[in-house]
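Subject: Structure handover

Hello,

Here is the structure you are taking over. My notes on what was found in it follow below.

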Amino acid sequence: WGCSKDEPQSGENRLLSFGFLPEDNSALPFACTGVIDDASGQVAVSVPYGTPLTSLVASASLPPFATMSPTPDIANNYSSPLRFTMTAQNGATRDYRVTVTVLPNLRVIQQFTLSKSRNPYLDRDYSVQINQEQCTGTLALPAGMPIDRVIPTITVPQGSSVSPASGSTVNFNAPVSFTVTDNSGLTQNYVITITSAAETAT
């Protein structure tokens, strides 16, 4: 008669990966991968501006036979840090604390100005009034000032770009759409309207 021994159970309970996928979360334009610190048990994930945190479905990779609680692949509320417990096959546990941070909005026009140095026909520098909620901007120039060859100076956050570009010549005979693109490729359009009253004949 031979004697058989039970196979030793795995004690592996290390989280291999954690993040959010666009196919599981319609609000995400791309995958957001977490940074895992095994020593501290911290997981940090950044998501784009505007992402709601109250119902995110995570994607996690676990070692063979390990389990995770609460289940990450259902909607969880990440408005505050969420603790997950990893349990190995042999029952050994390890906790991870997941913190999700919403990145600041980089798709904004911070300033839109017309300087006299770039537009010599102006009597002084002018600033377009930006409405950040409606993503619009307006400016009324004095009568007789041309608006078909305006050279604006546009300020956007570092890492973002705007088109038409700051310093380019723009025709404002009709409202113009400016597109701000952040460093992840997401965009926001601003409609800028500049008018000049017709000179009154004397």
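Leaving out neighbours within four places in sequence, Asp 182 is in contact (heavy atoms within 4.5 Å) with Leu 106, Arg 107, Gly 159 and Ser 160. The model is predicted, so local features need pLDDT of at least 70 and side-chain atom pairs count only at pLDDT 80 or more, while totals for chains, interfaces and linings use all residues. Residues are numbered from 1 along each chain as its sequence is written, and side-chain values use heavy atoms, with hydrogens and water left out.

Asp 182 lies in the loop between strand S15 (176–181) and strand S16 (187–196). Strands (E, at least two residues) and helices (H or I, at least four) are DSSP runs, numbered from the N terminus. Asp 182 counts as buried because its relative accessibility is 9%; buried means under 20% relative accessible area, exposed over 50%, and partly exposed in between, with a 1.4 Å probe and protein chains only. The side chain of Asp 182 also makes a polar contact with the side chain of Arg 107, at 3.1 Å. Such a contact is a pair of N or O atoms within 3.5 Å; within protein, one must be able to donate a hydrogen and the other to accept it, and residues adjacent in sequence count only if both atoms are side-chain atoms.

Next, the cores. A nonpolar core is a set of buried Ala, Val, Leu, Ile, Met, Phe, Trp, Tyr and Cys residues joined through side-chain atoms within 4.5 Å. The largest one has 24 residues, and those touching the most other members are Phe 112, Leu 114, Leu 141, Phe 172, Phe 178 and Ile 194. Two or more residues each come from strand S9 (111–114), strand S12 (136–141), S15 and S16. A second, separate core of 19 residues includes Phe 18, Leu 28, Ala 58 and Met 68.

The whole structure holds 7 aromatic pairs. Rings of Phe, Tyr and Trp (its six-membered ring) pair if their centres lie within 6.5 Å; planes under 30 degrees apart count as stacked, over 60 as edge-to-face and the rest as tilted. Phe 172 and Phe 178 form a stacked pair, 6.1 Å centre to centre with 20 degrees between the planes. Both Phe 172 and Phe 178 are buried. Elsewhere, Phe 18, Phe 20, Tyr 78 and Phe 84 form one aromatic cluster.

There is also an open sheet of 3 strands in the order S2-S1-S5, with antiparallel pairing. Its edge strands are S2 (32–33) and S5 (58–61), each pairing on one side only. Two strands pair if DSSP finds at least two bridges between them; S1 (residues 17–20) is joined to S5 by 4 bridges. Gly 19 stands opposite Ser 59 in S5.

Some backbone details remain. Most residues other than glycine have a negative phi, and most peptide bonds are trans. A cis peptide bond joins Ser 69 and Pro 70, with omega about 0 degrees, and another joins Ser 163 and Pro 164, with omega about -5 degrees. Phe 65, not a glycine, has a positive phi near 75 degrees. Phe 65 is in the loop between S5 and S6 and counts as exposed because its relative accessible area is 59%. Cys 135 has a positive phi as well, near 55 degrees, but is buried, at 13% relative accessibility.

Regards
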